[in-house]
Amino acid sequence: MTPARRPGRRLVLAALLAALALLLGGCVYLRLLELKRQLADFDRHFALHTADGLALDLKHPVLLADDVRWLGLLPEQIRAAGTAEEWQVRWVKQLPVGVLEPRRYDLVVDLAFQSGKLSRVAVPERYFAVLPKAFLADVIRSVGRARVDRPAAAVESDVSATRPELRAIDELLGRPSEERENGPQTIFRYRYLSATGDPRAGSLDMTLVFDTASGRLLHWQGRTPVGQLGFRFTAPVSP
């Protein structure tokens, strides 16, 4: 007869697995923290290209491909060549039941890896018909100055940049998954699921808060399976 397993052994195994998860998560956190430090010295560590869409080259890559997957960015397509890989990541917007749109408003980003590390992030040109490239560049740069709340898995940044108004966001992203008004503010929520259908990707939720009277974007918050990233806009809209 096989002896029954002792409860103590199961507890030890569970503790070891938990410790391993914390260790691995800590390693990812340290690499993300290093990426944030690099963003604080942007021109030294990054090269920005705006001729065709917006592409960000990482001169000193730190994030591993597994880190990117852990963040919930799973590739719908992968093209490999030697030690290099190119990913296309796509999220599908979730609309209210019975609501249809004349075209698709999915989110797409292209990622490149060299020797297993993230070396480029690119956004296609079509997104900049209404979204200024300078705006997105300022948002990216602001992460280097962001406040990090590790227990809450949250990052918050102030962005001093001319930002798009509600009508531009509506044209860029289409109809929100949810819409409501809260006093003088209009709140749009967009929910996306990975085009891969893989449940490990979780969901990507974006909440945008506008001043109803002026249409100005006041706050943007993105929630991922591993934390949230927020941007508070402080500069007035240019006339």
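Is Arg189 buried, partly exposed or exposed, and what is its relative accessible area? Arg189 is partly exposed, with a relative accessible area of 25%, a value that comes, like the others below, from a predicted model.

**Salt bridges**
- The structure holds 19 salt bridges, and one of them joins the side chains of Arg189 and Asp205, with a distance of 2.7 Å from N to O.
- Because Asp205 belongs to strand β11 and Arg189 to strand β10, this pair ties together parts that are 16 residues apart in sequence.
- Salt bridges with shared partners link Glu76, Arg90, Arg104 and Asp106 into one network.
- Arg90 counts as buried because its relative accessible area is 16%, which is under the 20% cut-off, and Glu76 is partly exposed at 29%.
- Another salt bridge brings together the side chains of Asp41 and Arg44, at 3.9 Å from N to O; here Asp41 is partly exposed at 35% relative accessible area, and Arg44 is exposed at 56%.

**Helix α4 and its packing**
- Helix α4, which covers residues 133-142, has several buried residues, namely Lys133, Phe135, Leu136, Ala137, Val139 and Ser142.
- The buried residues of α4 pack against the strands β1 (46-49), β2 (54-58), β6 (117-123), β8 (154-159), β12 (217-224) and β13 (227-233).
- In general, an α-helix has 3.6 residues a turn, so residues three or four places apart point the same way.

**A negative patch on the surface**
- Asp170, Glu171, Glu179 and Glu181 gather on the surface in a patch of negative charge, to which α5 (166-173) and β9 (178-182) each supply at least two residues.
- Glu179, which lies in strand β9, counts as exposed because its relative accessibility is 55%, and the cut-off for exposed is over 50%.

**The loop that holds Pro199**
- Pro199 is found in the loop between β10 (185-194) and β11 (203-211), where it is exposed, with a relative accessible area of 71%.
- Although Pro199 and Gly72 are 127 residues apart along the chain, their C-alpha atoms are separated by 9.5 Å.

How values were computed:
Residues are numbered from 1 along each chain as its sequence is written. This is a predicted model: local features need pLDDT of at least 70, side-chain atom pairs count only at pLDDT 80 or more; totals for chains, interfaces and linings use all residues. Side-chain values use heavy atoms; hydrogens and water are left out. Patches are made of residues with over 30% relative accessible area and no salt bridge: like charges are joined within 9 Å, nonpolar side chains (Val, Leu, Ile, Met, Phe, Trp, Tyr) within 5 Å. Accessible areas come from the Shrake-Rupley method with a 1.4 Å probe; for residues, only the protein chains shown count as cover. A salt bridge is a side-chain nitrogen of Lys or Arg within 4 Å of a carboxyl oxygen of Asp or Glu. Lys and Arg count as positive and Asp and Glu as negative; His and the chain ends are not counted. The place of a charge is taken as NZ of Lys, CZ of Arg, CG of Asp or CD of Glu. Helices (H or I, at least four residues) and strands (E, at least two) are DSSP runs, numbered from the N terminus. Buried means under 20% relative accessible area, exposed over 50%, partly exposed in between (1.4 Å probe, protein chains only). Contact means heavy atoms within 4.5 Å.
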